[in-house]
Amino acid sequence: MLDIIHHGGATGVTGSCHQLVLNRKESLLVDCGLFQGEDEAEDTFEQLQIEFDISTVKALVITHVHIDHVGRLPYLLAAGFTGPIICSIPSAKLLPLVIEDALKIGFTRNAQLIERFQAQLEKQIVSVPYGKWHNVVSDHTGANTDGKGRTTRVKLKRAGHILGSSYVEVSYQNAETGEKERTVFSGDLGAPYAPLLPAPKSPYGCDQLVLESTYGNRQHPNRRQRRATLKTAVEQALANGGTVMVPAFSIGRTQELLYELETIIHQARSAQWQSLEIIVDSPLAARFTNVYRELKPYWDKEAQRRLRSGRHPLSFANLYTVDSHAEHEQTVEYLAKTGRPAVVIAASGMCAGGRIMNYLKAMLGDERHQVLFVGYQGVGTPGRDIQQYGPQGGWVDIDGERFDIKAGVSTISGYSAHADQKDLLNFVKRMRRWPHTIRLVHGEQSARIALKAELESLYKRKGKQVRVVNG
Ligand SMILES: [Zn+2]
């Protein structure tokens, strides 16, 4: 069985980076993500350095462009990685935007250096269509067989998590020894019935599966319930004359939320709803939304139907984008003072930095406002503290200052664009050939333990054998 080394993302939810060892000379890297929240070490710089040997790495495969899956890419390039960076066609459009942002925030402010990195990145990106096998090349001849009959191919399939997201099938064949192995890396799997993107379909089968487990111990409410909760939160803000602050990742969740809000506004038809301002306060999110709009062929059937009926799910009349920093400060002040009902979507998703912080500082202490969590809040992040202590009238520490939480706090888990326990089990169940080894990654320990137990009992019921490796 091929060896898999985890350089992050095995015992925590962030920092995903898995190395599939093909032989002593060749390996593949799947994702190269940044550590966030609790997973972040004291000495961040050390954690960012690529400390493992990359001389055998023939290619990097990117499952999707969330920062916890691609954020260490600049460091990988800095360490001398010159191989292909394989990803889906939409990911290839999004990746340079994400990396540019990551470079500016955490790596360097040197514009020349950023430009050089970007140019190098563009050169190394190899976009591949969904569902097609791609030979992993180690040179420019296009063939991988090194004369001894070893072939390694990868195939990306839609993961339904964010635009461009994929799970990865790796097929390894050694004609000399007759060895044959299929490995699947789930990346982050989306939930079925998520807005905008079609749900993932399971692969035919594999020997080894590296499976995410973010919500390995949770079941999401269904979409109708989710939309109702969103509507209620916004209606409360309308009644109170307050702002709904939604900390969200720029990619994925922001667009899902816009899609859902457009649905509610379209259905509500009341003057109050029609006048509600939806504000995306993030230049980056606005750029991603543009790419989402460009890539309509990747939307699911429902979204396509809406387009045909003349609706514009991601660019409707009440939608405003805040761009410059000055504009951002004005918006915070204006909303905090006037109590004009609005929904503000801003990064970061876990309230660990980003423009959402200024909104929180200005509005947490005012009960007219609401914080609405739509995604996973990592342990140790201010987001988690607000989520946990807010409803009990507690406080949160932001940048060393104490803020009392009087604003309402609610959580909707279904918009997280992550499969829940049932979906994760279905991913395995719907394969024709079940894996004999499953490595659970990308989850807190409680989630991994719960999912491991469920998987083991699933196999037992079917009289099959499995080894579930926990982290
Ligand atoms: Zn993700």
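The model is predicted. N318 is a loop residue and is buried. Strand β9 spans residues 166–174 and pairs with β8 and with β10.

- N318 lies in the loop that runs between α10 (301–308) and β14 (319–322).
- Its relative accessible area is 8%. N318 counts as buried because that value falls under the 20% cut-off.

**N318: contacts**
- The N318 side chain reaches the backbone oxygen of Q274 at 2.6 Å.
- Leaving aside residues up to four places away in sequence, N318 touches I265, W273, Q274, S275, L276, E277 and I278.

**Strand β9: cover**
- β9 is mostly covered.
- Of its 9 residues, 8 are buried.

**Strand β9: pairing with β8**
- β8 covers residues 150–158.
- β8 and β9 run antiparallel and share 9 bridges.
- K157 has Y167 of β9 as its bridge partner.

**Strand β9: pairing with β10**
- β10 covers residues 179–185.
- β9 and β10 also pair in the antiparallel sense, over 7 bridges.
- V170 stands opposite T183, a residue of β10.

**The β9–β10 hairpin**
- The hairpin has 4 residues between its strands.
- G178 in this hairpin takes a positive phi near 80 degrees.

Notes. Residues are numbered from 1 along each chain as its sequence is written. This is a predicted model: local features need pLDDT of at least 70, side-chain atom pairs count only at pLDDT 80 or more; totals for chains, interfaces and linings use all residues. Side-chain values use heavy atoms; hydrogens and water are left out. Helices (H or I, at least four residues) and strands (E, at least two) are DSSP runs, numbered from the N terminus. Buried means under 20% relative accessible area, exposed over 50%, partly exposed in between (1.4 Å probe, protein chains only). A polar contact is a pair of N or O atoms within 3.5 Å; within protein, one must be able to donate a hydrogen and the other to accept it, and residues adjacent in sequence count only if both atoms are side-chain atoms. Contact means heavy atoms within 4.5 Å. Two strands pair if DSSP finds at least two bridges between them.
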